Amino acid sequence: FEGPEFEHLTKLGCKVFGTTCVLTCIDEQKPIPRSAVPLFSLAMVGVVISCSNIERKRRAMLHDCVEYMGGRASKSLTEDVTHLIAAETGSQKYDVAAAQLDIPIMLPDWVEHCWAQSRSSGGVTASSVELVERFRCPIFAGCYVCTSGFGDIKRRQDIKKLVEDNGGIYNGEMTINHTTHLVLNAPAGKKFQFAQRWRVHCVARTWVVESVNAGYCQNVARHQLQPASSSGTQGKTSTPVKIEHQNDLPDCMGVSLIVDNSTLTTRVDETGISVTGGLNNTTQIAAAASIPDATGLQNTMFLDGCKIYLCQSDLSTEQVNRYQQLINSGNGVRVDQLSDSVTHVLVARLDLETIAKFQKCNPR
């Protein structure tokens with residue numbers, strides 16, 4: 001159903017039928033349907049689709065394929081529509097289709113798969129339960145989720161698992177023009193402030209849980225968090241309180257990292273550990289014997305979002321290995337060179353010379 005001959009016949013208004021359509025009608029002993037458009041197969045007879053959040057060129061292709069397979073395409077979402085095609089969640093059509101019409105919301109791959117099968121074997125029924133479940137739009141399709149304010153590591157792990165198991169992407173790093181949803185324990189903290197500036201949806205944890213329970217992505221309006229009224233108190237976040245001296249490993253459980261590609265100041269680190277005036281997030285490391293054992297800390301995420309530079313000049317091989325194991329176990333990232341992406345620096349000696357060295361690098 002392509003090429004100059006096909007286009008010429010279509011412009012002339014000729015009735016064009018594909019071999020798959022003709023063979024299906026012969027096998028099922030029924031007449032060839034009347035159709036105002038070319039008909040290649042009967043895979044989508046009885047199906048009426050509407051599209052949402054799909055690029056115009058691809059949407060036009062999907063409309064053609066549906067009609068070539070005996071279905072109908074509607075620009076508007078009406079009660080006649082049987083399936084909504086959506087590349088991602090969050091549109092008004094999506095909300096109406098899921099919450100009011102209760103119709104299946106499908107990925108564009110569903111139409112493309114049926115079209116490919118029609119052209120190869122021909123034996124496909126688009127509305128079959130198997131295909132509908134296989135190509136149903138995941139609950140968090142198109143959602144890039146970050147969290148803030150959850151001191152309980154298990155709670156963050158649960159959110160991460162629910163998002164990733166249902167088609168979303170979780171990242172401890174919030175990035176402008178990329179992160180779509182910030183899940184908060186309370187409407188406070190630097191991530192919350194930047195999320196409002198960047199127009200990121202700021203939602204409660206209930207948005208994640210209720211979406212999974214309902215089987216579709218809930219409208220964020222019901223779960224939106226607004227700034228708390230100024231009452232002299234600050235909402236609790238996962239950011240540690242500033243301290244003047246820190247001789248052991250910092251508690252990075254609540255590390256938060258924000259990325260803004262539009263300005264020279266690309267990141268804001270909520271973690272407020274300060275070793276000495278003007279040098280944040282630099283911690284004197286411990287001797288190998290006192291470094292905690294990483295056994296049992298796998299996937300605990302206590303370093304989620306941390307990008308750590310480890311000064312190796314005065315470290316033994318054992319110390320380096322022990323710290324590497326801790327970083328890996330806590331879901332952190334060790335970087336080999338100082339850059340804007342580094343959130344924490346671990347040094348063997350915290351003296352004036354070392355401080356001066358890193359101040360020249362302008363660490364955050």
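Here is a quick briefing on the strands, the aromatic contacts and the cysteines of this structure. This is a predicted model, where local features need pLDDT of at least 70, side-chain atom pairs count only at pLDDT 80 or more, and totals for chains, interfaces and linings use all residues. Residues are numbered from 1 along each chain as its sequence is written, and side-chain values use heavy atoms, with hydrogens and water left out.

**The sheet around β1**

- Start with the open sheet of four strands, which pairs in parallel in the order β2-β1-β3-β4; strands here are DSSP runs of E, at least two residues long, and helices are runs of H or I, at least four long, both numbered from the N terminus.
- β2 and β4 (105-106) sit at the edges with a single partner strand each, so one side of each lacks a neighbour in the sheet.
- Two strands count as paired if DSSP finds at least two bridges between them.
- β1 runs parallel to β2 (residues 72-73) over two bridges, and Val48 has Arg72 as its bridge partner in β2.
- Getting from β1 to β2, the chain passes through helix α3 (residues 56-68) in a right-handed β-α-β crossover (with the strands pointing away from the viewer, the path from the first strand over the helix to the second runs clockwise).
- On to β3 (residues 83-86): four bridges join this strand to β1 in the parallel sense, with His83 as the bridge partner of Ile49.
- β3 and β4 are also parallel, joined by two bridges, and Ile85 is partnered by Met106 in β4.
- Why is β1 (residues 48-52) largely enclosed by the rest of the structure? Because five of its five residues are buried, meaning under 20% relative accessible area with a 1.4 Å probe and protein chains only (exposed is over 50%, partly exposed in between).
- Both faces of β1 are covered, with Val48, Ser50 and Ser52 buried on one side and Ile49 and Cys51 on the other.

**β8, β9 and what sits between them**

- β8 (residues 181-184) and β9 (residues 201-204) run parallel and share four bridges; Leu184 stands opposite Ala204 in β9.
- Together with helix α8 (residues 190-197), β8 and β9 make a right-handed β-α-β unit.
- His181 belongs to β8 and is buried, at 7% relative accessibility.
- The His181 side chain makes a 2.7 Å polar contact with the side chain of Thr180 (N or O atoms within 3.5 Å, where within protein one must be able to donate a hydrogen and the other to accept it, and sequence neighbours count only if both atoms are side-chain atoms).

**Aromatic contacts**

- There are four aromatic pairs: rings of Phe, Tyr and Trp (its six-membered ring) pair if their centres lie within 6.5 Å, with planes under 30 degrees apart stacked, over 60 edge-to-face and the rest tilted.
- One of them is the tilted pair of Phe140 and Trp207, at 5.2 Å centre to centre and 55 degrees between the planes.
- This pair links distant parts of the chain, 67 residues apart: Phe140 is in the loop between α6 (129-134) and β5 (144-148), and Trp207 is in helix α9 (residues 205-214).
- Phe140 and Trp207 are both buried.
- Phe40, Tyr68 and Trp115 are linked into a cluster by ring pairs.
- Arg197 lies over the face of Phe194, 4.6 Å from the ring centre (NZ of Lys or CZ of Arg within 6 Å of the centre and within 35 degrees of the ring normal).

- Cys217 has the sulfur of Cys143 as its nearest cysteine sulfur, 4.5 Å away.
- Cys217 is buried at 4% relative accessibility, and Cys51 is buried at 7% relative accessible area.

How values were computed
Disulfide = S-S within 2.5 Å.
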